[in-house]
There are 2 protein chains.
Amino acid sequence: MKKINLYEANGFSEKTFKNLLVHDSPYFKILNFNFKAGQELPVHSHDIEGQASLVVIEGEGEFLGKDGATIPAKAGDVLISDISEPHGLRAKTDLRLLVTIAPPI
Amino acid sequence: MKKINLYEANGFSEKTFKNLLVHDSPYFKILNFNFKAGQELPVHSHDIEGQASLVVIEGEGEFLGKDGATIPAKAGDVLISDISEPHGLRAKTDLRLLVTIAPPI
C-alpha cells in the first residue's frame, strides 16, 4: 500500500499548472494537475485504446472537448473520456484535478 | 464523454454505506462509497492481478489493512493497493470515497 495526500504533495504556480505523478503501474497511471484560476490543460487526444477519468477535487472551471465544446466542471465531478477523444480543462478558480488513465500511457 | 457529480448522484444512509457504480468499462471500474460516521467497508481482497486507488473526496477515517493495521484517511488522500492485498476503510466522520479498479473486476 502507498498513500499520498494531494493537498500536501502538490501546490500551485503562477506560471503554469502544476503536474504531479501520483502513481504509475502496469494497470493505471494517476496524475494530479493543479490550476490557478485561468490556467488550462489544452484539448488533446492520443490515438490509442483506453479511457481517462478526470475528477475535480476542488474548484470550478470547465471541461474542454472537440470543436470548442465546454462542459461545466466543479468539485465532485467525474468526467470519463476515451483517450482518443479530445479532452482538456480550463480553471475559473484555483482547481485540483485527479486524472486516472487506463491502461497507462 | 460522460459526467457524473458525486455530491448530486449519491447520498448517505443510516443503515449501511451507499454504493454507486460510477463507470464500468474494459479499462477500469469506478465506484463511489459514501459512509456515515462509524460505517465501514470491511477488509477484503481478491486473488487476482490489478490495483485499486481509494480517493477520499471528503471526510475523515482510516484505511484498513491486514492484521488490524490502520492508516489515517482524510480528504485528498489517495491510497494505492494491490487488489490481492487486504484493504478497507472505516469512517470517523461522514466520508465520500472514490474507488478505481484496473483492470475491472
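How many residue pairs are in polar contact between chain A and chain B? That's where I'd like to start today.

First, some housekeeping: this is a predicted model, where local features need pLDDT of at least 70, side-chain atom pairs count only at pLDDT 80 or more, and totals for chains, interfaces and linings use all residues. Residues are numbered from 1 along each chain as written, chains are lettered from A in the order written, and side-chain values use heavy atoms, without hydrogens or water.

Okay, the count is 23 residue pairs, both at pLDDT 80 or more. A polar contact here is a pair of N or O atoms within 3.5 Å, one able to donate a hydrogen and the other to accept it, and residues adjacent in sequence count only if both atoms are side-chain atoms.

On to the contact itself, meaning heavy atoms within 4.5 Å. Chain A puts in 41 residues and chain B puts in 41 residues. The buried area, which is accessible area (1.4 Å probe) lost on putting the two together, summed over both, comes to about 3,200 Å², with carbon and sulfur atoms giving 63%. In chain A, A:Met1, A:Lys3 and A:Tyr27 lose the most area to chain B, together 24% of what that side buries.

Now, salt bridges: a Lys or Arg side-chain nitrogen within 4 Å of an Asp or Glu carboxyl oxygen. The rule finds four across this interface. A:Asp77 and B:Lys3 meet in a salt bridge, 3.5 Å from N to O.
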